[in-house]
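Please keep the sequence and the model in view while reading.

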Amino acid sequence: MGSVSLNTPPTGMPHVPEPDLHQVLTPEGHRRPDHDLDPWLEDLTPRRLAELHRDMVVIRRLDTECTHLQRQGELALWPPLLGQEAAQVGSAAALHAEDFVFPSYRENGVAYLRGVDPLGLVRLWRGSTYAGWDPREVNLAAQQIIIGAQSLHAVGHAMGQQRDASTAVTLAYFGDGATSQGDVNEAMVFAASFHAPVVFLCQNNQWAISEPVSLQARRHIADRPWGFGIPAMRVDGNDVLAVMAATRRALERARNGGGPTFIEAVTYRMGPHTTADDPTRYRSAEEVEAWRAKDPIDRVEAHLAALLPEASPDGDAGPGLTVEAVREESGRAADEMAARLRAGLAEITDPGPEALFEHVYAEPHHELERQREHYRLYLAQFDGEQLDARPREGSR
Amino acid sequence: MSATQDLAFGKAITAGLRAALAADEKVVLMGEDIGTLGGVFRITDGLMEEFGRDRVVDTPLAESGIMGTAVGLAYAGYRPVVEIQFDGFVYPSFDQIVSQVAKTHFRTGGAVRMPLTIRIPFGGGIGSPEHHSESPEAYFVHTAGLRVVSPSTPQEGFDLIRAAIASDDPVVYLEPKRRYHDRGPVDLAAPLRPLGPAATAAPGTDVTLVAYGPLVRTCLQAAEAAAAEGISIEVIDLRSLAPVDYGLIEASVRRTGRLVVAHEAGRTGGLGAEIAATVTERCFHWLEHAPVRVTGFDIPYPPAKLEHHHVPDLDRILDGVDWVLGRPNSLDSLDPFAPPRPLAAADGTERA
């Protein structure tokens, strides 16, 4: 008998490539045949590939800008998505406009692609508001901080769509850590029992703050949904094509009455959990470097480089489309977004004290009205003084 | 033909649910055992047959799952009515209630409403095992974004459930389960009324006695017994626990000068403390005596053979009334200024 310590977690699951991991684009940019996913990529053109590249570049830029803005004291906090661009762009690109999405707090790239103004995102992380967008306008629920809670909302929402006989379906995002939560497991029970038109998209970025996925799951996360009666697929989350194809497939399945599907997008959070975190305390530089070699944007560029010489002269990519041109166009889009973001920052003003009392209830609430009136009268005593010029706690 | 019928409390709630289901096709009932069985208390009896499985949904046995999917249905424009089978089972769904149900409207700047009704049969007196007799209202009363109500008569059972479902805010609807079989007249044609106002259950001049849900009837019995001794008690039925209708209570206290609040829930941090403090703030100069609470003890709900000691009964409520009246009462021999007794160590010696 070998000596097995009960306290030692397994040393982590092997990463790519694995026989059960669906991959369409290798880290070197080679297209691999995939029986399940290829049918969902038949409409893919170099131009579409260039758009996916642009979206990933813009989102990476949004992420680095916001990380910098946090460092400059402009944002209270930011949860970086660096490294997860393909998982977010690929899945969001598969959605129809009328589909509804329930995100966690890290899907800032998804929010951008759903049409959320970057300033809306900034306002949110600046602490001016909890509402960076109107969920009904962009078909994206408010970001969720509680781990996994939104998975149940997605199932309930899908049950509503089912009752409405809608062709729209619901997608829920969560991370590997969330799969340990009761809510995600209950969501799978409800989704399976009611055959809800929902897709669970788990971005397994390997780390739940400092806890490795090996502490959350002794088997691949995608193994788990099968036990609930939900088919699951494990895809390379740094492969934008694989994620897009898998999500399209799952969404269409839901749309056609096939019920729920679970996708595990195997990716990596290159940065910290949030800007308040120090990942060097819990993971090695070697691990980070190994994942850097699987960068989602680099592999699309490598693929385009191999593809375009043949495609550009007369293919649907249009004349003159080169990898340099794609890179330039994506960079320009990112520059424009960043300039808008920086310029808009100055326009954001702090909400007034009245905002405290708004929208707590949909209908009048006399006790809260009393508190609001009392605070208004209290402030009125300062008559003419700027509210924010008053001494704050600790400065008296 | 009159629309008024003599109904058991539980059946009055059923009638209210039926009316709400008929009035709005977006109303969906969800819960464990509520469909085929009609609920363990039969409150949803017959509704699945009448409205179908998509409107009255038997769910998996998962309270957070029920509450969380109800949030999603509300996101999709539905008005879910969730049944929590027993008070002590609400805790697995607590996160969804306080973090999601209560806060989504605020979080989304008013863009997404949560017109959810959470039905909880609550309180003791039916000889149940553990977790089946609790009074969790203070948790919900303390949570901004929620409204909390509790009916005390069959008519209110019918009125408040319809008002709760019609409200665009989430409402915790606490059903006094030991009163399910009480009968009373119910006007099934009563107009839909707003949530909020309290009611004077019995007029009086000497003491204001505030209660809600199952204790209202006990308080009315106490008022009757006191009247035989020449004491006039005004009983106020809160109906709404959050927000509290202080207007009615204040007006009453300004007339009587004395306040007793009664509830089954434990005392510390309970709704009675909140009402006593607020009335003291607002009516100090009218008070002849400090407000008094008659409540359950700060203990887990006790086993069935002990529950009659824990749940305030007519005599304990009258003892509280005696206290505010300065009449002889059980507290007379408890010296409020006595220093705390030294704690006994395990070996029986006193600790310094």
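This is a predicted model: local features need pLDDT of at least 70, side-chain atom pairs count only at pLDDT 80 or more; totals for chains, interfaces and linings use all residues.

Residues are numbered from 1 along each chain as its sequence is written, chains are lettered from A and ligands numbered from 1 in the order in which they are written, and side-chain values use heavy atoms, with hydrogens and water left out.

**Cavities**

- The structure holds four cavities of 30 Å³ or more; a cavity is a set of points on a 1 Å grid over the protein atoms alone where a 1.4 Å probe fits but cannot get out.
- The second largest cavity has a volume of about 70 Å³, a volume being the space filled by probe spheres set on the points, which are joined across faces, edges and corners.
- Its lining residues (an atom within 4 Å of a point) include A:Phe102, A:His153, B:Tyr75 and B:Arg107.
- Helix H6 (149-163) of chain A and helix H5 (104-107) of chain B each give two or more residues to this lining; helices (H or I, at least four residues) and strands (E, at least two) are DSSP runs, numbered from the N terminus.

**Nonpolar cores**

- The largest nonpolar core has 77 residues; such a core is a set of buried Ala, Val, Leu, Ile, Met, Phe, Trp, Tyr and Cys residues joined through side-chain atoms within 4.5 Å.
- Helix H3 (residues 63-75) of chain B gives the most to this core, with seven residues.
- Among the residues with the most contacts inside this core are B:Tyr75 and B:Ile275, and B:Tyr75 also lines the second largest cavity.
- Not counting residues up to four places away in sequence, B:Ile275 is in contact (heavy atoms within 4.5 Å) with residues including B:Val210, B:Leu238 and B:Ile249.

**A covered helix**

- In helix H2 (residues 85-94) of chain A, nine of the ten residues are buried, where buried means under 20% relative accessible area, exposed over 50% and partly exposed in between (1.4 Å probe, protein chains only).
- Those buried residues include A:Glu85 and A:Gln88.

**Backbone features**

- A cis peptide bond, with omega about -5°, joins B:Ala242 and B:Pro243.
- B:Pro243 lies in the loop between strand E12 (240-242) and helix H9 (246-256) of chain B.
- B:Asp33 has a positive phi near 70° and is partly exposed, at 35% relative accessible area.
- B:Arg42 has a positive phi near 65° and is found in the loop between E2 and H2 of chain B.

Definitions and conventions
On a 1 Å grid over the protein atoms alone, a cavity is a set of points where a 1.4 Å probe fits but cannot get out, and a pocket is an open set with protein on both sides within 12 Å along at least five of seven lines; lining residues have an atom within 4 Å of a point.
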